[in-house]
Amino acid sequence: MSVDNKCLTDKQIQDAYIFMDGTFSKSTEFDHGLFSEWLILKTILDDECEEEIEVAKVNFYLFNGNQVDFYDAADSIDGDQEFIASKLLNVFQIDPLSRIAIIDNLYVNSENATAKTKIKLLNEQVLPYLYDRGFEYAAFLNASICYEGSRLEHETTDNAFENEIPMIREIGESERWGEGVNLIDLEEYKS
């Protein structure tokens, strides 16, 4: 019997053994240093039928600052990536020669998943994956993790970002909640 991934509960997702699969593509605009990647987070809930169930999808833009101008490459993708790159360089003042992953979207398939599940997947699956791949920084907009949500979902997300995952956050005075930029130093995250 097939399991509907749109009906998975927080408990089913949070207790699941997650494995990953993905695809990536090289930028057609730059010879080196910029890739787009889709990472698929999957699980098996029923050992008897061993049906793989897609739990979530993550879209990254991966930059190697030693091979590509970080700002120019981000600007070539879209306005959100340019906005993040601008904040990383001008507000957080990271080294533009770093290996940087921008998380464009973390989409959990279940309609029942809460912000807590998204944060758990980010913290226990996505960030360790990026660290293992040798990235120095991970960055994302608030809206990349919690794009549709109530004030409670935003508060839950803020609380997790401030207390569970070591990161630097920046929301400008004239910006909406979803435009907040978050930066995680993956070396500090894993130590």
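Predicted model: local features only at pLDDT ≥ 70, side-chain atom pairs only at ≥ 80, totals over all residues.
**Whole chain**

Start with everything shown as a cartoon. The protein has 7 helices and 7 strands. From the N terminus, the elements run α-β-β-β-α-α-β-α-β-α-α-β-β-α. Switch to the C-alpha trace and orient along the principal axes. The C-alpha atoms fill a box of roughly 50 × 40 × 30 Å.

Now colour by burial. Of the 191 residues, 47% count as buried. For charges, expect 15 positive and 39 negative ones.

Take contacts between residues at least 6 apart in sequence: 67% of them join residues at least 24 apart.

**Stop 1: Lys 6**

Select Lys 6, in the segment before α1. Is Lys 6 buried, exposed or partly exposed? Its relative accessible area is 33%, so Lys 6 is partly exposed. Show what surrounds Lys 6. Beyond residues up to four places away in sequence, Lys 6 touches Tyr 107, Asn 109, Ser 110, Glu 111 and Asn 112. For a distance check, pick the C-alpha atoms of Lys 6 and Leu 39. These two residues are 33 apart along the chain, and their C-alpha atoms are separated by 18 Å.

**Stop 2: Gln 12**

Move on to helix α1, residues 10–15, and select Gln 12 there. Gln 12 has a relative accessible area of 34%, so it is partly exposed. Leaving aside neighbours within four places in sequence, Gln 12 is in contact with Cys 7 and Leu 45. Draw the C-alpha to C-alpha line from Gln 12 to Leu 45: it reads 8.2 Å, for residues 33 apart in sequence.

**Stop 3: Ala 56**

Go to strand β3, residues 52–64, and pick Ala 56. With a relative accessible area of 0%, Ala 56 is buried. What does Ala 56 contact, leaving aside neighbours within four places in sequence? The list is Leu 39, Ile 40, Leu 41, Leu 106, Tyr 107, Val 108, Asn 109 and Leu 121. From Ala 56 to Leu 39 the C-alpha separation is 8.4 Å, across 17 residues of sequence.

**Stop 4: Asn 109**

Asn 109 touches Lys 6 and is also in contact with Ala 56. Select Asn 109, in the loop between β4 and α4. Is Asn 109 buried or exposed? At 4% relative accessibility, Asn 109 counts as buried. Leaving aside neighbours within four places in sequence, its contacts are Asn 5, Lys 6, Glu 54, Val 55, Ala 56 and Lys 57. Zoom in on Glu 54. The backbone oxygen of Glu 54 lies 2.9 Å from a polar atom of the Asn 109 side chain. Then label Val 55. Asn 109 and Val 55 are 54 residues apart in sequence but 5.7 Å apart in space, C-alpha to C-alpha.

**Stop 5: Gln 93**

Next, select Gln 93, in the loop between α3 (79–90) and β4 (99–108). Gln 93 has a positive phi of about 55°, although it is not a glycine. Its relative accessible area of 63% makes Gln 93 exposed.

**Stop 6: Gln 125**

Select helix α4, residues 115–132, and find Gln 125. Which side of the 20% cut-off does Gln 125 fall on? At 16% relative accessibility, Gln 125 is under that limit, so it counts as buried. Show its partners. Leaving aside neighbours within four places in sequence, Gln 125 is in contact with Ile 18, Met 20, Leu 41 and Lys 120. Leu 41 is also among the contacts of Ala 56.

**Stop 7: Thr 157**

Finish in helix α6, residues 151–163, at Thr 157. Thr 157 is buried, with a relative accessible area of 0%. Hide everything but its contacts. Not counting residues up to four places away in sequence, Thr 157 touches Ala 115, Ile 119, Cys 146 and Trp 177.

Methods
Residues numbered from 1 in each chain as written. Heavy atoms only, no water. Helix = DSSP H or I, 4+ residues; strand = E, 2+ residues; numbered from the N terminus. Buried < 20%, exposed > 50% of the residue type's maximum accessible area, 1.4 Å probe, protein only. Contact = heavy atoms within 4.5 Å. Lys, Arg positive; Asp, Glu negative; His and termini not counted. Charge placed at Lys NZ, Arg CZ, Asp CG, Glu CD. Polar contact = N/O pair within 3.5 Å; in protein donor to acceptor, adjacent residues only side chain to side chain.
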